[in-house]
Each structure stands twice: as C-alpha cells, then as structure tokens.
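Visitor: I would like to go through how the two chains meet. Please give the grounds for each term as we go.

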2 protein chains.
Amino acid sequence: MEHTRIKELLKSEEFGKHVIVKGWVKTFRNNQFIAINDGSSLNNIQAVVDFENTEEALLKRVTTGAAVRVEGTLVESLGKGQRVEIKVKELTILGDSDPEKFPLQPKKHSLEFLREIAHLRFRTGTFNAVFKVRNALAFAVHQFFNERDFVYMHTPIITGSDAEGAGEIFKVTTFDFDSIPRNEQGQIDYKEDFFGKATNLTVSGQLEGELAAMALGNIYTFGPTFRAENSNTTRHLAEFWMIEPEMAFYELEDNMDLAEDLLKYVIKYALDHCAEEIEFLKSRLLEEEKSKPQNERAELNLVDKLNFVLANNFERVTYTDAIEILKRSKPNQKKQFKYLIDEWGADLQSEHERYLVEKHFKKPVILIDYPREIKSFYMKQNEPDAQGRHTVRAMDILFPGIGEMVGGSQREENLDKLLARMEEVGIPAEEMDWFLDTRRFGTAPHAGFGLGFERLVLFVTGMTNIRDVIPFPRTPNNAEF
Amino acid sequence: MEHTRIKELLKSEEFGKHVIVKGWVKTFRNNQFIAINDGSSLNNIQAVVDFENTEEALLKRVTTGAAVRVEGTLVESLGKGQRVEIKVKELTILGDSDPEKFPLQPKKHSLEFLREIAHLRFRTGTFNAVFKVRNALAFAVHQFFNERDFVYMHTPIITGSDAEGAGEIFKVTTFDFDSIPRNEQGQIDYKEDFFGKATNLTVSGQLEGELAAMALGNIYTFGPTFRAENSNTTRHLAEFWMIEPEMAFYELEDNMDLAEDLLKYVIKYALDHCAEEIEFLKSRLLEEEKSKPQNERAELNLVDKLNFVLANNFERVTYTDAIEILKRSKPNQKKQFKYLIDEWGADLQSEHERYLVEKHFKKPVILIDYPREIKSFYMKQNEPDAQGRHTVRAMDILFPGIGEMVGGSQREENLDKLLARMEEVGIPAEEMDWFLDTRRFGTAPHAGFGLGFERLVLFVTGMTNIRDVIPFPRTPNNAEF
C-alpha cells in the first residue's frame with residue numbers, strides 16, 4: 001500500500017515528509033485548493049496545486065466526487081482551519097465525476113433527498129459521522145459483554161417459531177408461487193418447502209437465547225430481527241438489529257442493573273471515541289432546530305444530553321405508581337392526552353411514556369411490574385397484589401425522545417405457571433416442547449432484555465428518523481439497493 | 001446478585017470465604033461430592049455435602065441436570081484434579097431434573113445424538129468449548145477491524161438483488177399462499193407484496209459493502225447470509241455467517257495481506273484466550289481419531305496445527321501455476337482424481353484443492369488470477385496473457401481439511417469493462433444502476449473478500465461437521481428450534 005490515510009496525516013507532525021493520498025474531491029477552490037476526503041475522517045486534507053505548472057485539462061477534471069491520487073510534501077498549513085496540507089508534486093485522476101450528473105454537490109442536501117440516494121449518502125459529513133458512531137456503538141456492545149464473559153450467540157434468523165406469539169412475520173420459502181404444492185386434502189404442502197415446514201424470519205432471538213443461557217450462563221445475541229408491520233413511522237423498520245442478553249440466575253434487579261450499565265457504557269464509549277463526530281452532529285442538530293419555534297427546541301444540546309444520561313441513575317418505577325402519576329398529571333386532568341388514563345390496566349401510549357420521561361422525571365425511566373394481560377406469556381408472574389391484580393416482572397426502559405429503548409423481564413421459570421399462561425393465551429405447548437425443556441430439566445430464575453440497536457443510534461446521534469441511522473432501510477414498499 | 005461465577009471461584013485463593021454458587025449438577029458421587037457447572041467454565045466446582053446431616057429426600061433430588069444453589073465455605077481441595085472446593089452449609093434445589101427423562105447423562109453421547117437435542121447440547125463440555133471458541137473468534141474479528149479503523153456496516157438481509165447473479169435464493173414475502181395476487185395479465189403482482197417488489201434473503205453483503213467502502217474507505221460486514229442449495233454435506237449450511245471486508249484503494253496484494261493478517265490474528269486470539277477449551281477439543285479429537293486407521297489420522301494435533309498456520313506464510317500461487325502442478329501430480333498421472341486435470345480453464349474441485357494444500361504445499365494456499373469464465377462478473381480483469389487467455393484478479397484462500405476459507409478479489413473499477421462483462425453473462429445493467437454509480441462517480445481501485453465464519457470455527461475447533469459449530473443449524477428439511 002503506497003498511500004497514507006488522511007486521518008493519520010491530519011494528526012501527523014512530520015512536516016517535509018513525502019506522502020501519497022487517495023480520496024475523493026469534496027471541493028476545489030481557486031484552481032488551487034483541493035479538499036480531499038477518503039472516509040477515514042470527517043475532516044478533509046487540503047492539497048495545494050501549483051496550477052501555473054499543471055495542465056488545464058487535468059485541472060478541469062478535478063470536480064466534486066472525482067477520485068484522485070495526490071503525491072507531494074506534507075507541510076504546515078498557513079490557511080485557517082487546518083494544521084497540515086499537502087504541497088502537490090503529482091496529481092492523478094483515478095476516476096472522474098461528471099459535475100452535471102453527480103447528485104452530491106458542495107451544498108446542503110435534505111435528509112429526504114439523501115435517503116433517495118442512500119448508496120451515495122455515505123459520502124456526506126452527516127452520514128460519515130452517523131455510521132462512525134454506529135460502528136463505535138456496535139463495538140462497545142461487544143466489548144462490554146466480552147469484558148463480562150458473556151458468550152455471543154448467533155441465534156437463527158430463519159425459524160419455525162414466532163417468539164412473541166404475535167406480530168406480523170415475513171415468510172421464508174423456496175416455493176414457486178406459480179405452482180404452490182398441495183397435499184391430497186388440498187392444503188399447502190409445506191413438506192415440499194425447503195425446510196419441510198413453514199418458516200419465517202425471526203422476530204427475536206430470545207427463546208433460543210434462553211436455551212443457551214440455561215447452559216452457558218450469560219449469553220447475548222446481536223443480530224437482525226424482522227417485523228412485517230405496515231407502519232411508516234420515524235421509529236419503525238421492517239429489518240432492524242437487536243441486542244438480546246439472557247442470564248441464568250439473574251432476577252429483575254440484576255437485569256435492570258445490567259441494562260443500565262450497558263447503556264451508560266456504550267454511550268460513554270461513543271463520547272470518548274467519536275468526540276469529533278458527535279460534536280459535528282450536535283452542530284447539525286442545533287442548525288436544524290433553528291427553524292423550530294423556541295419551545296420545541298431541545299433543552300440540552302446533544303453532548304449535554306448524553307452526559308446527562310451518564311450522570312444520573314435511571315428512575316425505577318412500578319407500573320402501578322406510574323399510573324397514579326399519570327392519573328394526577330396535568331395533561332390527564334385537562335384531557336390533553338389522546339388516551340386518558342382512567343384505570344389500572346391501561347396500556348401506556350407514547351404520549352404517556354413521554355410525559356413520564358420528559359416532563360415528570362426528566363431522565364430515563366425503568367418501568368416495572370406491568371399488568372400480566374398486556375405483556376408476553378413468558379414473563380415471570382408476581383403474586384397477585386392486595387386487590388388481586390396480576391402483574392409480571394417486566395421492565396421497559398424509556399428514553400427521552402425515543403420511547404422504549406429496552407424491553408425485558410425476568411422469565412417465568414415455573415413449568416406449571418408457564419403452561420397455564422400459554423394455554424390462556426392460546427400458544428400450543430407441543431410446538432414449544434424444546435423451549436419448555438429448560439423448565440423441565442434444572443429450571444432456575446433467569447432474565448434478559450432486548451435493546452433496539454437503531455433506537456440507540458438515534459439517541460446518540462441525535463438523528464430523528466430511524467431510516468437515517470441504518471445503511472439501507474427496509475420499510476413498507478422500500479427494499480432498494 | 002448474591003452468587004459468584006464458578007470461573008472466578010476456580011481461580012480464587014480466598015480460602016475460608018463464604019460463597020454462594022448456582023449451577024447445574026454434572027455428577028453426584030458417594031452421596032457427597034456434587035460437581036457443579038454454571039457454564040462460565042469448562043470445569044466444574046466440587047461441592048462437598050455433609051450427607052450425614054442432610055435430609056435424604058433432598059439428596060435424592062441431586063440428579064444430573066438439576067439446578068442447585070450451594071452456600072458454603074471455599075476451601076482448599078484435598079481431592080485430585082481441583083485446587084478448590086466448597087464445603088456446603090446449605091444446599092437448595094432450584095429446579096429438578098428427572099433422571100429417567102433427562103437425555104444428557106454423565107456418559108459419552110454421539111455428536112449425531114446431540115444434534116437431535118441441539119437445545120440441550122450447550123450443557124456438554126464439547127459444546128461449551130465450541131461456543132466459547134466461536135465467541136472468542138467473533139470478538140477477535142471485531143477487535144481486528146476496530147484496531148485498523150474499519151467501519152462495521154450492517155448490510156441488508158432482505159434484498160431485491162442477487163449479488164452473485166447465481167445461486168439458489170430464499171424468497172421473503174408476506175403473500176398469503178392461498179391467494180397470491182395477480183395483475184391484469186395474470187402475472188404474480190409483486191406490487192402487492194410488502195416491499196412492492198420480489199425480495200429474497202441476501203447471499204452476500206458485498207455489493208452494498210462496495211457502496212460504503214467507496215465513501216468511508218475501509219468497511220466490513222459480519223452478518224448472516226443464505227443459500228437455498230439442496231446440499232446435505234458436512235460443510236454447507238442454508239444459513240451461515242460471513243465476514244466481508246471491502247477496501248477502497250486496495251489492490252490484490254493488499255487484499256491478500258489483509259486476509260492473511262486477519263486469519264492469523266483471530267487464530268492467535270483464540271489460542272491466547274481459549275487455551276483450556278482448545279486443549280479440551282484437542283483431546284476430544286485425538287480420542288475420536290483413535291477409531292481411525294493410522295494413515296487417516298491428522299499429522300498434527302489441533303494446537304500444533306493452529307500454531308503451524310501462525311508460523312508460516314500462506315503460499316501465493318497463480319491458477320496457471322497450480323494447473324501445471326496438478327497436471328504433473330501423481331493422482332492426475334495415475335488417474336486417481338475423479339476429475340482429471342487436462343487443460344487450463346478447468347474449475348478446481350475439492351480433491352484438487354486438497355492436493356495442493358495438504359499434499360503439495362502442506363500449508364494454507366492463496367490461489368490467484370483465475371480464468372475469467374469461472375469467476376464472478378465484478379472481478380477485475382487482467383490483461384490477456386501471451387496465449388490470449390483471460391483471467392481475473394480473484395483470490396481464494398484454501399485451508400487444510402476445510403477447502404475454501406476465503407473468496408475475494410480486486411473489483412473491476414472500469415465502468416465500460418464491467419458493463420461489457422455484465423452483458424456477456426446476462427446481468428441487466430438497469431437493475432444494478434445503484435451499484436454502477438460507484439464506477440460513474442469517482443471510481444477507484446478497490447478490493448475485498450468473504451470469510452465463511454463457520455468454516456473458520458470448524459478449523460479452530462477441529463470439529464468435522466459444520467452443524468456442530470453453529471447453535472441451531474439450518475439445512476434442507478431442518479429448521480428446528
């Protein structure tokens with residue numbers, strides 16, 4: 001490799017050194033100053049061309065987006081905004097970029113426009129920063145669990161089971177849609193499909209994760225999960241990445257501690273390792289908010305918001321207490337909530353979660369002990385309270401601006417209670433025999449949670465649309481690239 | 001959390017300390033010695049029960065697979081094979097395990113049998129070791145790229161494109177198979193499907209990876225990929241994990257260097273961090289090989305084999321030279337190859353790869369510059385040689401016992417050459433417009449490769465069936481759990 005990455009050169013003090021740089025032209029000013037970026041840094045290096053001794057035909061090809069090779073001397077920069085620059089000895093065009101056709105010109109493009117050209121948006125500063133932060137967060141997740149001796153498990157993507165017993169799923173098949181095989185009774189003959197049965201894309205690795213945790217102790221998954229929900233919102237994707245730790249011998253308190261530690265660890269890692277990128281995103285957000293009325297702007301800037309999360313304990317509140325707070329709240333009294341909170345048992349809507357997090361507690365909140373009826377069958381059942389109300393050992397972590405960041409629970413380890421609940425909600429035990437074996441052979445308390453990775457990236461980058469924090473978003477009617 | 005993980009206790013020197021352990025019973029000898037494992041280590045801790053002062057009904061419940069809580073004092077062990085043990089003060093059964101029904105008894109089970117109960121096999125020593133090594137290798141991959149400032153990209157799982165232009169793919173759909181929508185011409189109406197077009201599971205993240213590399217510089221993917229091939233072999237899975245780095249401004253030499261560095265780095269990491277597990281797997285393999293005739297046994301044990309790879313440079317050979325070696329080889333002369341090598345242009349079969357790696361060079365081999373006709377359209381075309389033969393800048397890394405571990409190439413960056421090749425092999429340019437934009441706007445040399453993660457785990461663990469190195473294998477007619 002003959003070239004040096006720009007990130008290295010920008011830190012270098014070796015003035016006078018002969019260097020080679022390869023990258024893409026961001027701007028070319030005065031027929032003399034080329035700003036070159038190779039993706040390694042948000043920042044460009046400036047290459048200064050001796051235009052009087054350079055062929056005009058060559059200079060004309062130095063257009064935004066063109067790939068160039070520059071050979072020259074690293075010198076101290078006299079210009080503003082950079083410490084070093086390259087005095088060019090030799091300039092080569094590796095690949096042209098027709099300025100009439102290249103969609104990314106040196107001006108501000110809207111995020112909507114950039115979403116249309118998602119294959120090129122990586123070349124902008126904003127998306128360079130977003131995907132560097134995403135990368136840092138992913139690595140931090142692995143490092144956090146590695147330091148704690150958790151085992152990374154690749155749970156299956158194609159599965160015959162539907163973990164939540166609900167939710168819209170994607171089918172996976174090799175059937176020829178023009179001739180779907182049928183058996184003698186005229187039913188679809190899944191025996192003829194690739195796996196010999198109906199299969200779909202996983203909605204969660206939790207159940208398989210439990211199998212591994214009940215042997216290896218502490219495990220986590222980090223992989224893609226899928227929902228075929230027809231929702232076109234700024235917070236939903238049909239394909240998204242999820243982190244799901246599962247721990248044998250953990251109870252709900254341990255589970256909450258782990259989740260809070262994890263979130264603080266990865267946010268701190270991003271602040272420490274992506275300071276430039278987060279600073280850039282902070283400015284972007286401040287700029288964006290200028291068009292909003294004062295009262296809609298965020299109280300804290302991005303960096304302060306992240307540091308605020310690190311500095312404070314998450315508020316741990318029972319569902320029952322939360323309902324009391326919401327009942328007595330102004331927006332409920334003044335009927336400003338779309339869904340008024342009348343009684344215990346109501347499912348919380350986004351407006352209620354936001355009130356609790358953003359208005360009442362003003363920090364991340366862990367809501368626990370939800371009514372059994374609004375949560376999944378596998379959650380550990382509490383003893384009924386004095387009024388005979390049934391709750392489960394669920395925990396949802398709510399973040400300002402995001403809503404639910406984490407959903408988890410202690411699991412029901414008692415086979416009889418689990419079977420009874422499955423029957424109530426109509427999940428056939430035969431189909432889950434393998435899962436139930438964990439409760440048959442050496443069952444034990446255990447717990448786990450799911451962290452939506454894109455929601456984490458949203459929070460840390462300050463972006464507002466989830467489609468802008470995953471390289472190639474999949475949503476209804478959109479599977480481009 | 002009141003308990004301490006067994007891995008910590010086994011290293012501890014705090015004799016006399018009061019400890020609590022939770023785990024599963026592996027064996028219970030003489031109504032006195034419980035071997036307990038909590039998954040944190042391959043090794044068990046011994047808990048010594050004062051059986052004379054313990055209820056018999058309780059002792060009867062100490063069966064293989066039961067989950068127990070043990071409270072007592074950490075003491076120096078007088079027995080053989082362990083440094084420490086626990087003198088039990090209090091023994092509690094957390095979950096029973098009916099010895100008549102629990103399939104894992106303290107005896108040797110065949111890998112075939114364990115595959116049938118994949119949800120329980122994590123509790124065996126072999127699979128504890130395999131999945132610890134898998135975990136270490138996965139972390140090492142991330143750490144390797146993180147140290148080199150590569151950006152981890154999550155390329156899409158659901159895609160409308162088929163990267164290799166070939167291969168059997170899985171369809172992804174929300175169609176109701178009982179009423180597939182059709183348009184006025186009677187054709188299947190994919191506009192009615194979730195994404196508004198036909199979609200499938202990705203066979204490779206490479207093309208999307210190229211988009212990111214041509215902006216961010218150096219990126220890698222690490223995610224699941226899929227092949228709907230109906231092959232029931234010990235080396236194929238329908239769902240497997242792949243690592244695909246892609247680097248702007250890399251040529252074939254740089255690509256080879258990176259792949260060799262990566263493989264050595266992760267193997268060294270596993271040796272350093274999973275010494276106990278690899279030692280255990282080495283013994284398992286030696287045991288297994290005892291039933292084989294002498295000449296079929298491996299020349300090197302597992303640890304020596306891994307160290308051998310670290311100590312030697314991979315042999316870099318052109319396809320053309322390899323063909324000459326094969327032509328002149330004994331098995332070709334004696335017609336022992338199933339497919340005899342007659343002339344240049346032949347695709348290499350597994351028997352040829354094995355001959356080169358295991359007999360001729362006796363170390364990993366990087367084969368480069370393959371005939372254009374047997375490789376993918378996107379590979380960079382060499383100038384035709386003196387005989388007018390066309391080759392491409394491909395590289396396959398072949399490993400002993402595994403075959404192809406890595407497949408990669410420098411990419412064709414020239415738009416006209418790429419278009420011409422696509423036309424020759426019948427890939428419509430319209431459908432790949434987004435991909436071709438990388439060659440339209442600032443094209444540049446770049447390269448990348450794919451590393452099959454399960455094949456790597458196979459090599460490092462010494463396992464022989466790929467179904468034994470992924471938690472829940474997906475193969476034709478098998479998507480259990």
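**Where the chains meet**

Guide: In S8(B), B:Thr173 is the bridge partner of A:Lys171. This is a predicted model, in which local features need pLDDT of at least 70, side-chain atom pairs count only at pLDDT 80 or more, and totals for chains, interfaces and linings use all residues. Residues are numbered from 1 along each chain as its sequence is written, chains are lettered from A and ligands numbered from 1 in the order in which they are written, and side-chain values use heavy atoms, without hydrogens and water.

Visitor: What makes strand S8 of chain A and strand S8 of chain B a pair?

Guide: Two strands (E, at least two residues, as DSSP runs numbered from the N terminus) pair if DSSP finds at least two bridges between them. Here there are three bridges, in the antiparallel sense, between residues 171–173 of each chain, so the strands count as paired.

Visitor: Why is the relation of the chains called a two-fold axis?

Guide: Chain A is superposed on chain B by a rotation of 180° with 0.0 Å of shift along the axis, RMSD 0.0 Å (least squares on C-alpha atoms of residues with pLDDT of at least 70 in both). That is why it is a two-fold axis. In chain A, the C-alpha of A:Val172 is nearest the axis, 2.5 Å from it.

Visitor: How do you know that B:Asp149 and A:Lys7 form a salt bridge?

Guide: The term requires a side-chain nitrogen of Lys or Arg within 4 Å of a carboxyl oxygen of Asp or Glu. The N to O distance is 3.0 Å, so the pair qualifies. The count between the chains is six salt bridges.

Technical notes. Helices (H or I, at least four residues) and strands (E, at least two) are DSSP runs, numbered from the N terminus.
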